[in-house]
Amino acid sequence: MIDAYRRAEALHVSQEAKLVHRSAVTPVWEEDSFSYLVGSAEGPRQVRVVPDLKERVESPAPPAAEPALPPELTGARTSPDGRFTVTCEDGDLLVNGTRLTHDGEPDHAYGLPSDQNRLPIVAAQQGMRTPPLLAWAPDGRRFVTHRIDQRHVPTLTITQSCPPGGGRPLAHTMHYEMPGDPLPTFTHAIFDAETGERVDVAIEPLPFTHDAPLNLDRIWWEDDDTLWLLYGTRGYRGALLYRVEARTGRAEVVVEEHAETIMSTAPTIVVQPLVRARGDEVLWYSDRSGWGHLYLYRGGELRNAVTAGEWLVRELLEVDWTARQVLFLSGGHGTNPYDRRLCRADLDGGGVTVLTPEDADHQVHVSPDGRWLVDTYATPGTPSLTVLRDATGAVVMELERADLSRLEQAGWRAPERFTAKAADGVTDIHGLLFLPGDFDPGKKYPVLDSIYNGPQITRQLRTTLRGYTLDPWLLDPAGGAPSLAALGMAVVVLDGRGTPYRGKAFQDVSYGDPGVTAGLEDHVAAITQLAAERPYLDLERVGITGHSGGGAATARAMLTHPEFFRVGVASAGDYEHDGYYAIWGETYQGPPPRDYGEGSMLPHAGRLAGKLLIVFGEMDDNCHPGLSLRLVNALIEADADFEMLMVPNAAHSYLHAEAHVLRRQWDFLTRHLIGAEPPAGYRIDPTFGAAA
């Protein structure tokens, strides 16, 4: 097995920059040209493109400048012109070191997120300083921020057993609202960084729901006089769009919509909303038709649908209010519903034009003047291709073709897409199958389900989440499927019912189902169908692994489908939703007075028949240790056999212990699923080759 371990380590996601070249392009636009940096086998390269001349010039990249420290390390936000720097101290705001407010308190603070959003324990561990949440006005000196009130919110205490330097264990306390608890509230105010003038926004204190509006671009300036605020109500069953007069603070609701389940303003509530406004017009996103589409409002009244059909709008790229057009990425115009296509629509309801004919997933950057489009498109089996298009979608020139040669030399094998029927026997579900690089169809392979069954994100999607690119088609940063496959397993990545990007009916299957049981049934159904078509898949050896929501799904699968899943590694799971964040249960299972203990997996602890490893960090301030220990306690009371690894000083990710945790996962799966003995004394490089 030592060679398999070496191949698996070589395919760890940390190696992607060394193994994958020319796959991603982020253009920096100038007046008549743009440039970008790209990795290559010869080192980083800089490319300059003059679209009008169809000119592409490549040269060695200049030495990288010393990167500016991010706000998360400086704890500061600086105005666009660099004149003003805003920081937080003891709950107050400071501008250029001078106190702007004087009545702040740690639990009633200006600019700070709630503890649930800030994760203060992790921040302190990593030496991070929380920068204030704010948005600068176009004039460059005024900004809008909020004040969070957590004084009434219950607290959670986490023990640090092994503090650096030794000594007694330490207790860390944070506010942590669980379902049914009182939520933090926030108000908003506009400050002039130069004069100190303050204007309070005339909106009553709003309960904190999934995220602070300023944390997800739900507050934006139209001009120096107008501010927009988009708010999702408790349980996310309503959305309200406020227009704020920035000089006076006067606010009014312009558009409001409610739903029986989740009222979406984007395909999922963890991404930026697809809502835009100018003057008395609002471009509004809703899945009221069963699919996520755009609607035009004028003067608060619906004028027309901008898009329609059994597909959905995925991302807004450009809204041209003068030309009356919107440029966006759709999902559902290709043979695979998760692939994005570039589209243009008439704001006044004149129809939709698909601009990219290639049946692939498209990631697009638009030039500031709207004349040019940089499009990188790919499928799981082909390297990505980056082209320059004009505004009609016509290809002007090829820019980059991904070089995967080193990735393939490391033992990578492109994942295979598949389609199966859900447990209802009707609904199509889709996924990816990862096989070892030395795959032999004459052999039998154990199957590993690398799971995250939502309901807020998917596993197989190429996307960008809060600035972090997720591309499971290459080295799969969310689950490391190619690395696990290299150990000698067939790894399945799929999205069952109850997950986003497939329309409201598909998504709502998980609503009110605290165990997301339909999703697990779909996983069983899909893997069974795959094995019927592929005799090299061994249904007598099926395992499952996941982190966070995937950890909870893993444990539930082992307890509720013991005849199918024989081996599981459950990591940092939110196992019991009545003890997890209020935002989770209240959003996806329904607002109070819902019984969030309904569907608990603890009564099933006695059904454990397979091999289960439970892993968690003792300082996890997301899925806190109490959630893991509830499950552990139930298994002990049932006298079940299982293994547990608690990592001292670790939070929701394992950081200093990541290499050890990964090796323990590999050892467990090798021993119990593959049926082999792990290589004695093997150690994964704790830097993951960073120093090489």
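Two strands are taken to pair if DSSP finds at least two bridges between them. In this predicted model, strand β30 (residues 372-379) and strand β31 (residues 382-390) are joined by seven bridges and run antiparallel. Within this pair, Asp 375 lies opposite Val 387 of β31. Both strands belong to an open sheet of four strands, ordered β29-β30-β31-β32, in which the pairing is antiparallel. The edges of the sheet are formed by β29 (361-366) and β32 (395-401), each of which pairs on one side only. On average, neighbouring strands of the sheet are turned by 25° against each other, direction ignored.

Cis peptide bonds were found at two prolines, Pro 455 and Pro 593. The bond joining Gly 454 and Pro 455 has an omega of about 10°, and Pro 455 is located in the loop between β35 (445-450) and β36 (463-465). In the bond from Pro 592 to Pro 593, omega is near 15°; Pro 593 is part of the loop between α11 (582-588) and β41 (611-617).

Positive phi values were computed for Asn 96 and Tyr 501, neither of which is a glycine. Asn 96, with phi of about 50°, occupies the loop between β7 (92-95) and β8 (98-99). The relative accessible area of Asn 96 is 45%, so this residue is classed as partly exposed. For Tyr 501, phi is near 75°, and the residue is placed in the loop between β38 (490-495) and α8 (504-507). Tyr 501 is classed as buried because its relative accessible area is 10%, and the cut-off for burial is under 20%.

Notes:
Residues numbered from 1 in each chain as written. Predicted model: local features only at pLDDT ≥ 70, side-chain atom pairs only at ≥ 80, totals over all residues. Heavy atoms only, no water. Helix = DSSP H or I, 4+ residues; strand = E, 2+ residues; numbered from the N terminus. Axes fitted to C-alpha atoms, helices over the stretch in contact; angles between N-to-C directions. Buried < 20%, exposed > 50% of the residue type's maximum accessible area, 1.4 Å probe, protein only.
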